[in-house]
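Hi,

Here's the structure I said I'd pass along.

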Amino acid sequence: MSKDNIRGVPHGSAEVPLSILELATVGEGGSPAGSLRDATELARRAEEWGYHRIWVAEHHGMPGVASSSPAVIIAHLAAATSSIRLGSGGVMLPNHAPLVIAEQFGTLHALHPGRIDLGLGRAPGTDMATANALRRSAQVEPDEFPQQVAELTAFLDNAFPPGHPYAKILAVPGGSSRPPIWLLGSSGFSAQLAGLLGLPFAFAHHFSAANTEPALDLYRSVFRPSEVLAAPYAMIGVAAIAADTEEEALRQAMPGALSWLRMRFGRPGPVPTPEEAQAYPYTPAEAEFVRDRLSTVVYGDADGVRAGLEALRERTGADELMITTMVHGGAARLRSYELIAKAYGMPA
């Protein structure tokens, strides 16, 4: 597998590739169908603007997130575009049988060779009751993740040793190549595993900012060169919102912060409108939570967001930035990604 399937090429004046994490967020008054249409339009425009890849996150049972089936959405986005890379950010592997994921992503790779990434996470992406319903079993534990990754890799490579119970099982369609595997994480567990396996690593800075640098340091310190990577390659997910003014960017950022607040206290719902977020009667503790959440979001006008992204890149040494934008409505999201691209002179 060529390292070019992993490492991207920066565009414009960007020092590293810029990519997108897509959740197909559903705004108050909207619908999942509308959000998926917005995601398709974003993929088309992101390709024009020079973003390197779009990954789709796996979440379940959340009224404000329509990305419950990454493989299905990836297939649709890939068919609507021609060159941008598509992938999972990620497939929550404990929710699935590894053979099923091997077949799904083998199919995606056969349909769109050289454009598919397989990002894997070990969290359920939902509450445990929903996770148990997905798995049909309560027996799968996150600590089994290394074994699941090894099993999935063996299915993709048709590489079970003789005598293994699965040695005669073929993950069809297979072939001489497969999508690159990434490990995703928000702590040191997957960082260490990615380093030991010589795989690219994506860290969820957008919701675990305090752990970013320790996890990246751990990944780099334990990294072992492999057939797919001679040196570490670390991408970080970062929440960013650009608007025409800093005031408007803050106004657009507040609904996402309120959504996080509601999820934290077990009240998930559609992304509220800016007006609803502004009028919400925050308690002192809730206001502190929102301030803390906003401190991890890079928001402002285009130049301000670029400066914030560059400061984060320099501090972490990230090889790629994957931007996620939780706002109310597709138009504001498109505008944010467009402004960021223009700030970097992309796609030239």
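This is a predicted model: local features need pLDDT of at least 70, side-chain atom pairs count only at pLDDT 80 or more; totals for chains, interfaces and linings use all residues.

I'd start with strand S6 (residues 181–185). Five of its five residues are buried, so the strand is largely enclosed by the rest of the structure. Ile 181, Leu 183 and Gly 185 point one way, while Trp 182 and Leu 184 point the other way.

Strand S5 (residues 116–121) pairs with S6 in the parallel sense over three bridges, and Trp 182 is the bridge partner of Gly 119. Strand S7 (residues 201–203) runs parallel to S6 too, joined to it by three bridges, with Phe 203 standing opposite Gly 185. To get from S6 to S7 the chain goes through H6, in a right-handed β-α-β crossover.

Next, Arg 53, which sits in strand S2 (residues 53–56). Arg 53 counts as buried because its relative accessible area is 0%, under the 20% cut-off. Its side chain reaches the backbone oxygen of Ile 6 at 2.7 Å.

Finally, the second largest pocket, with a volume of about 400 Å³. It is lined by 16 residues, and the closest to its centre are Thr 153, Asp 157, Arg 178, Glu 227 and Val 228. Helix H5 (145–157) and helix H6 (188–197) each give two or more residues to the lining, and H5 supplies the largest share, five residues. By class, the lining has nine nonpolar, four polar and three charged residues.

Cheers

Methods
Residues are numbered from 1 along each chain as its sequence is written. Side-chain values use heavy atoms; hydrogens and water are left out. On a 1 Å grid over the protein atoms alone, a cavity is a set of points where a 1.4 Å probe fits but cannot get out, and a pocket is an open set with protein on both sides within 12 Å along at least five of seven lines; lining residues have an atom within 4 Å of a point. Grid points are joined across faces, edges and corners, and a volume is the space filled by probe spheres set on the points. Helices (H or I, at least four residues) and strands (E, at least two) are DSSP runs, numbered from the N terminus. Ala, Val, Leu, Ile, Met, Phe, Trp, Tyr, Cys and Pro count as nonpolar, Asp, Glu, Lys and Arg as charged, and the others, Gly among them, as polar. Buried means under 20% relative accessible area, exposed over 50%, partly exposed in between (1.4 Å probe, protein chains only). A polar contact is a pair of N or O atoms within 3.5 Å; within protein, one must be able to donate a hydrogen and the other to accept it, and residues adjacent in sequence count only if both atoms are side-chain atoms. Two strands pair if DSSP finds at least two bridges between them. A crossover is right-handed if, with the strands pointing away from the viewer, the path from the first strand over the helix to the second runs clockwise.
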